[in-house]
Amino acid sequence: MIAPFARLSLVLLLLAAPALAQTPGQAVLLNRVGNHVDGNSFARKDAAYLSAGPTVCGAAGLADGDYYFQITDPAATVLLSRDPVGERAVRVSGGILSAYLGSTRPAANNGPCGGLNVRLAPFATTPYPSGEYRLWLTRIQDYDPLGSYLFGFDPKRSKSEGFRVYARGPQTIVRGHKFFDHDGDGVWNPALDPLEVPVGGWRIDVLRNGVPSGTTFTDQDGMYVFVRDRDASVYEFREISPDGFINDATPGATWLATTAREGFATTAAEYAVGPEFGNVSYIVELVAGRTPTYWGNRDCNCENPSVGTGPDSVCGLAILREHDPAWRTALNTRNGMPVNLRNPVSNDNPSASIFQLNWPPQSFCGAYANWRGYVNKQDHDHAGFLLSREVAAAILNNTFGFMQGDVYIDRFQDGVLVSLADMLTGAIGLLSEPGAGLTGPNDPYQDLRMRMLGCINEFGTINNTGDPSSPQVVFTRGNEPMSFASPY
């Protein structure tokens with residue numbers, strides 16, 4: 001019999017790869033006497049036992065309470081535990097498995113930190129020829145007797161572990177995670193940003209030589225696990241979004257991948273680190289944009305920024321004053337290049353057709369009067385000017401106003417989200433074309449004019465979302481993962 005501390009050391013080796021889960025405690029697979037089995041590979045079904053507890057004795061373990069467990073295939077498409085769920089009930093006290101609540105399974109105090117060890121069998125044989133299984137452990141209060149999610153087990157609220165039975169040789173346990181990348185830097189940093197949480201219920205596919213080799217879903221720790229032959233093969237892992245990826249211009253997609261959506265691991269040792277998948281999700285932002293009139297209301301003055309009623313009753317003067325002279329820079333240059341806002345004149349002379357907002361040392365009031373006069377000029381149906389006015393408002397909205405930061409737009413109101421930054425780059429490119437000063441109704445650059453008119457409508461919709469009755473097309477990054485159903 002191996003001492004409890006030695007058994008715990010073996011368990012800790014099992015739990016070392018690839019990263020600590022954010023929620024405490026885990027389900028642990030051991031043999032009858034409480035020892036870790038190489039690669040979670042068992043000779044017989046009745047050789048696999050469940051335990052649970054903290055990663056280190058004395059640290060936070062599982063939440064106390066009663067739990068159910070079940071066995072499925074790795075993709076959780078077939079329930080392999082066929083006996084009544086009450087026969088698969090256990091109790092956690094002090095963070096460790098402390099009691100078996102059924103009557104048909106052997107149990108003994110052979111688990112880590114003095115916890116219990118409970119036999120997993122009986123369960124049916126997996127349909128996977130590789131003999132692969134997945135263990136799920138969930139609190140009874142989170143179990144759905146109607147069988148939603150994974151036969152009543154919500155993966156977002158469950159612990160899990162993978163194992164094999166009847167394997168012919170040594171096995172490799174591959175683990176990785178899915179996480180909400182709140183700061184968008186592609187690195188999971190929950191210690192620095194508590195909003196970077198694991199994402200459970202997310203689909204992960206594995207391929208070998210381009211051929212599908214399995215599917216699974218992440219658990220409440222965002223962890224996925226596959227058990228494969230230890231033969232130094234290279235496997236590819238892919239994350240699959242429940243509604244597609246914004247990266248692919250998928251209609252209805254709300255998830256943007258901040259890391260590569262596929263990665264590789266080699267089965268050369270008992271443990272292999274699978275890729276970490278990070279995403280952010282976007283939600284529609286109500287009452288976000290403000291019109292050019294808001295930012296350059298003809299009735300505003302330096303002393304009285306309030307006029308009338310309605311969504312544009314308070315002009316942007318106070319905001320621009322607060323951010324002077326940065327707002328002048330924003331309207332004159334972007335990413336080191338001129339914005340090239342156009343005057344409503346038909347002239348190919350840049351000095352006449354390009355509007356330049358006055359720089360310091362001119363006073364704020366002088367610059368604001370210069371800007372206000374520009375915004376309220378007669379447009380003469382000049383596409384360059386009409387687009388310039390909407391682009392300028394979008395820049396101010398995004399930089400100083402009500403839709404700041406990383407913003408995506410349902411550009412054509414077809415569910416496909418595109419970056420506002422990319423839209424602005426494209427529109428500024430149109431304003432910078434040589435013929436942009438000759439885009440009136442009777443000017444020669446009618447093709448450019450038509451392209452500008454399309455953009456005017458798009459930016460006008462963006463800037464008018466401050467009116468709740470207008471189409472709400474602005475999506476901003478959420479502070480938590482978008483809710484979704486799993487499996488999918």
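Guide: Helices (H or I, at least four residues) and strands (E, at least two) are DSSP runs, numbered from the N terminus. What you see is a predicted model, where local features need pLDDT of at least 70 and side-chain atom pairs 80 or more, while totals for chains, interfaces and linings use all residues. Residues are numbered from 1 along each chain as its sequence is written, and side-chain values use heavy atoms, leaving out hydrogens and water.

The chain holds 10 helices and 24 strands. Its C-alpha trace spans about 90 × 45 × 40 Å along the principal axes.

The loop between helix H4 (317-322) and helix H5 (326-332) contains Pro325. The peptide bond that joins Asp324 to Pro325 is cis, with omega of about 5 degrees. Further along, Pro361 sits in the loop between helix H6 (350-353) and H7. Here too there is a cis peptide bond, from Pro360 to Pro361, and its omega is near 15 degrees.

Two packed helices are described by the angle between their axes and the distance between the axes. Helix H7 (residues 364-375) packs with H8 at an angle of about 135 degrees, and the axes lie 10 Å apart (axes are lines fitted to C-alpha atoms, for helices over the stretch in contact, and angles run from 0 to 180 degrees between N-to-C directions). The two helices, H7 and H8, are therefore oblique to each other (under 35 degrees counts as roughly parallel, over 145 as roughly antiparallel, 65 to 115 as roughly perpendicular, and the rest as oblique). On the H7 side, the contact (heavy atoms within 4.5 Å) is made by Trp371, Tyr374 and Val375, and on the H8 side by Phe385, Ser388, Arg389, Ala392 and Leu396. Sorted by class, the contact of H7 with H8 has 6 nonpolar, 1 polar and 1 charged residues (Ala, Val, Leu, Ile, Met, Phe, Trp, Tyr, Cys and Pro are nonpolar, Asp, Glu, Lys and Arg charged, and the others, Gly among them, polar).

H8 has another partner. Helix H8 (residues 383-400) packs with helix H9 (residues 420-431) at about 150 degrees, with 10 Å between their axes. That angle makes H8 roughly antiparallel to H9. H8 brings Gly384, Leu387, Ser388, Val391, Ala394, Ile395 and Asn398 to this contact, while H9 brings Leu420, Leu424, Ala427, Ile428, Leu430 and Leu431. In this H8 and H9 contact, 10 residues are nonpolar, 3 are polar and none is charged. If you are tracing Ser388 by eye, you will find it in the contact with H7 and again in the contact with H9.

H9 then leads us onward. With helix H10 (residues 446-463), H9 packs at an angle of about 145 degrees, the axes being 11 Å apart. From H9 come Leu420, Met423, Leu424, Ala427, Leu430 and Leu431, and they meet Leu448, Arg451, Met452, Cys455, Glu458, Phe459 and Ile462 of H10. By class, the H9 and H10 contact divides into 11 nonpolar, no polar and 2 charged residues. Among the residues of H9, Leu424 belongs to the contact with H8 and also to the contact with H10.

For the surroundings, let us step back to some strands. An open sheet of 4 strands runs in the order E13-E12-E15-E17, with antiparallel pairing (two strands pair if DSSP finds at least two bridges between them). Its edges are strand E13 (211-217) and strand E17 (262-266), each pairing on one side only. From one strand to the next, the twist averages 25 degrees.

Strand E12 (residues 203-208) and strand E15 (residues 234-240) share 6 bridges in the antiparallel sense; Leu207 has Glu236 of E15 as its bridge partner, and Val206 has Phe237 of E15. E12 also pairs with E13, again antiparallel and over 6 bridges, and there Arg203 is bridged to Phe217 of E13. These two strands, E12 and E13, form a hairpin with 2 residues between them, where Asn209 in the turn has a positive phi of about 55 degrees.

One last stop is Ala249, in the loop between E15 and strand E16 (255-257). Ala249 has a phi near 55 degrees, which is positive in a residue other than glycine.
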